[in-house]
Amino acid sequence: MSDNETAVGIGPTGVPLEAVPESDTEVCSREGHLAASQEALLRADEVTAGYLPGVSILNGTDLYANEGELVGIIGPNGAGKSTLLKAMFGLVGVTAGKVTLRGEDITNRRAHQLVPLGVGFVPQTNNVFATLTVEENLEMGVFLRPKAFRARFDFVTDLFPILGERRAQRAGSLSGGERQMVAMGRALMMEPTVLLLDEPSAGLSPAMQDEVFFNTKQINQTGVTVVMVEQNARRCLQICDRGYVLDQGRSAYTGPGESLIDDPKVVELYLGTLGRAR
Ligand SMILES: Nc1ncnc2c1ncn2[C@@H]1O[C@H](COP(=O)(O)OP(=O)(O)O)[C@@H](O)[C@H]1O
Ligand SMILES: [Mg+2]
């Protein structure tokens, strides 16, 4: 590695960044993050987290979401995308760094403390109660504020009319796409200001995937800030305002969704065949 290469920056896989054309995407830096995240609704600052003592999965990750933004997180399998959502939602211990919501330190607050503060989370799997009906699933979502049920149920079934039609049906008998709507609907019952979604399109048919991306955009358009992890990188970047590419437990690149899709270094390094195929 020459001094010259060091000066212009080296990508996470050692590719000199000078080798690719200019774009609106940025290599994530502390300075860039601090300058841009001052007004953020939700922030992760230099978050280190993991499952086992002494083994960090996140290694100083920075991320922010402004009010009303739809933020996408993409990256290779095992990069730590789910861990990052879980760390922000109090499901994985943060050993260093900070998570803030509207400037308030919420690091290591537990999930049940975060829900009343307006944070919602939809995990990738096991996100509905299969033996309960659609309506009962939505009731579970609002158990902290039972009086709000009627208004929130109307809100959710306006967004997802099929859930109104299927309200008496057991969630386990629904299609994968419908179950995903129940899961999102349940999180929306608490009227979150920010919704964390982990791979909502995973395992769905292409048509249902389209529907999930459409639904996510719709939720965001009602004013809910969304932070979405996706393996379907291209579709995610198409709908999000801003994206992050996570690599080995750190935010590697960020920028507007559309610029990340077109950025040769992101396509080559992270979207790989997935990026070229579509
Ligand atoms: N419950 C867990 N216990 C121990 N290690 C885990 C657990 N969940 C994930 N990991 C490890 O953390 C790393 C990142 O996983 P994850 O955040 O799920 O990645 P991604 O969502 O980007 O695919 C992987 O190496 C994975 O094996
Ligand atoms: Mg994951």
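How many bridges join strand β2 to strand β5, and in which sense do the two strands run? Let me start there, hello everyone. Six bridges join β2, residues 42-49, to β5, residues 94-101, and the pair runs antiparallel. If you want a spot to look at on the screen, take Ala 44, whose bridge partner in β5 is Val 99. Please keep in mind that this is a predicted model.

Let me give you the overall picture. The chain has 278 residues, and 44% of them are buried. I count 12 helices and 11 strands in it. Among contacts between residues at least 6 apart in sequence, 67% join residues at least 24 apart.

Back to the sheet we opened with. β2 and β5 belong to an open sheet of four strands, in the order β3-β2-β5-β6, with antiparallel pairing. At the edges stand β3 (58-65) and β6 (104-105); each has a single partner strand, so one side of each is left without a neighbour in the sheet.

Now for the other sheet. This one is open too, with seven strands in the order β1-β11-β10-β4-β9-β8-β7, and its pairing is mixed. Its edges are β1 (26-27) and β7 (119-122), again with a single partner strand each, so one side of each lacks a neighbour in the sheet. For the antiparallel sense, look at β10 (residues 242-247) and β11 (residues 250-256), which pair over six bridges. There, Tyr 244 stands opposite Thr 254 in β11. For the parallel sense, go to β7 and β8, with four bridges between them. Phe 121 sits opposite Leu 196 of β8. And β7, edge strand though it is, has Val 119 and Phe 121 pointing one way and Gly 120 and Val 122 the other, all of them buried.

Next, the helices. As for burial, seven of the eight residues of α3 are buried, and they are Lys 81, Thr 83, Leu 84, Leu 85, Lys 86, Ala 87 and Met 88. After the helix comes Gly 90, with a positive phi near 70 degrees. Helix α8, for its part, lies across β7 and β8, at about 165 degrees to β7.

To see one member up close, pick Val 227: leaving aside residues up to four places away in sequence, its contacts are Leu 42, Ala 65, Val 71, Ile 73, Val 194 and Leu 196.

Last stop, the ligand. What surrounds ligand 1? The shell is made of Tyr 51, Ile 57, Gly 75, Asn 77, Gly 78, Ala 79, Gly 80, Lys 81, Ser 82 and Thr 83. By type, that is three nonpolar, six polar and one charged.

Conventions:
Residues numbered from 1 in each chain as written. Chains lettered and ligands numbered in written order. Predicted model: local features only at pLDDT ≥ 70, side-chain atom pairs only at ≥ 80, totals over all residues. Contact = placed C-beta atoms within 7 Å. Pairing = 2+ DSSP bridges. Axes fitted to C-alpha atoms, helices over the stretch in contact; angles between N-to-C directions. Near = placed C-beta within 6 Å. Nonpolar A, V, L, I, M, F, W, Y, C, P; charged D, E, K, R; others polar. Buried ≥ 20, exposed ≤ 12 C-beta atoms within 10 Å, placed from the backbone.
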